[in-house]
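Visitor: I am new to protein structures and would like to learn how to read one. Could you walk me through this example?

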Amino acid sequence: MTRAARPALKIDVMVDCKRWKDTEGVKSIVRRAVAQAAATVSTTGTELAIVLTDDSAIRQLNRLWRGIDAATNVLSFPSKRTAGEPPHLGDIVLAYETIAREATAEGKPFAHHLAHLVVHGYLHLIGYDHDKEADAEAMEQTERKILRHLNIPDPYRQSGKAVKKAGTRR
């Protein structure tokens, strides 16, 4: 008996801001991070959209959907599951200026911080949360595992500077 092939994960990456300079390199980082997250947590046969935007656009989304009038690094919008339709996980939106500022402040390569936030956003799409301490720890452990596969250092490791939790605002 042969095993059925897994349906491919479809990842649409849209660049909505010129600040994302090397779009092909950025798209590659984003796709690789999502693919590793999906493989690690065994998510298959789905699709999602990732929007690369700026602080102004993400601030508007944050105000509209969360009631918070501030820019943030990443927002996730899980889709409602509908029977009979292709499973669309949802959308992830990332803000260039906030990500760049955080990477610099934390002494991390931009690409590593971006990949971490993509993984963080992806985990939100599939139901992970960090509202309670136990849930936050489980989410962080899963992020660490995925990032290890991507050869990205533990983003929560203390290195003399305060490390900001992903998905929170300053």
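Guide: Welcome! This is a predicted model, where local features need pLDDT of at least 70, side-chain atom pairs count only at pLDDT 80 or more, and totals for chains, interfaces and linings use all residues. Residues are numbered from 1 along each chain as its sequence is written, and side-chain values use heavy atoms, leaving out hydrogens and water.

Visitor: How many helices and strands does the protein have?

Guide: Helices (H or I, at least four residues) and strands (E, at least two) are DSSP runs, numbered from the N terminus. Here there are 5 helices and 4 strands, in the order β-α-β-α-β-β-α-α-α from the N terminus on.

Visitor: What share of the residues is buried?

Guide: Buried means under 20% relative accessible area, with a 1.4 Å probe and protein chains only. Of the 170 residues in the protein, 46% are buried.

Visitor: What span should helix α5 have?

Guide: The expected span is 1.5 Å times one less than the number of residues. Helix α5 (residues 133-149) has 17 residues and should span 24 Å; its end C-alpha atoms lie 25 Å apart, which agrees. Just after α5, N151 takes a positive phi of about 60°.

Visitor: Which residues of α5 are buried, and what covers them?

Guide: The buried ones are A136, M139, E140, T142, E143, R144, I146 and L147. Their cover includes α1 (23-40) and α4 (110-125).

Visitor: How are two packed helices described?

Guide: By the angle between their axes and the distance between the axes. Axes are lines fitted to C-alpha atoms, for helices over the stretch in contact, and angles run from 0 to 180 degrees between N-to-C directions. For α1 and α4 the angle is about 45°, with the axes 9 Å apart. That makes α1 oblique to α4, since angles under 35 degrees count as roughly parallel, over 145 as roughly antiparallel, 65 to 115 as roughly perpendicular and the rest as oblique.

Visitor: Which residues make the contact between α1 and α4?

Guide: Contact means heavy atoms within 4.5 Å. On α1, V26, I29, V30, A33, V34, A37 and A38 take part, and on α4, A111, L114, A115, V118, V119 and Y122.

Visitor: At what angle do α4 and α5 cross?

Guide: Roughly 130°, and their axes come within 10 Å. That makes α4 oblique to α5. The contact is made by A115, H116, V119, H120, L123 and H124 of α4 with M139, T142, E143, I146 and L147 of α5.

Key: Buried < 20%, exposed > 50% of the residue type's maximum accessible area, 1.4 Å probe, protein only.
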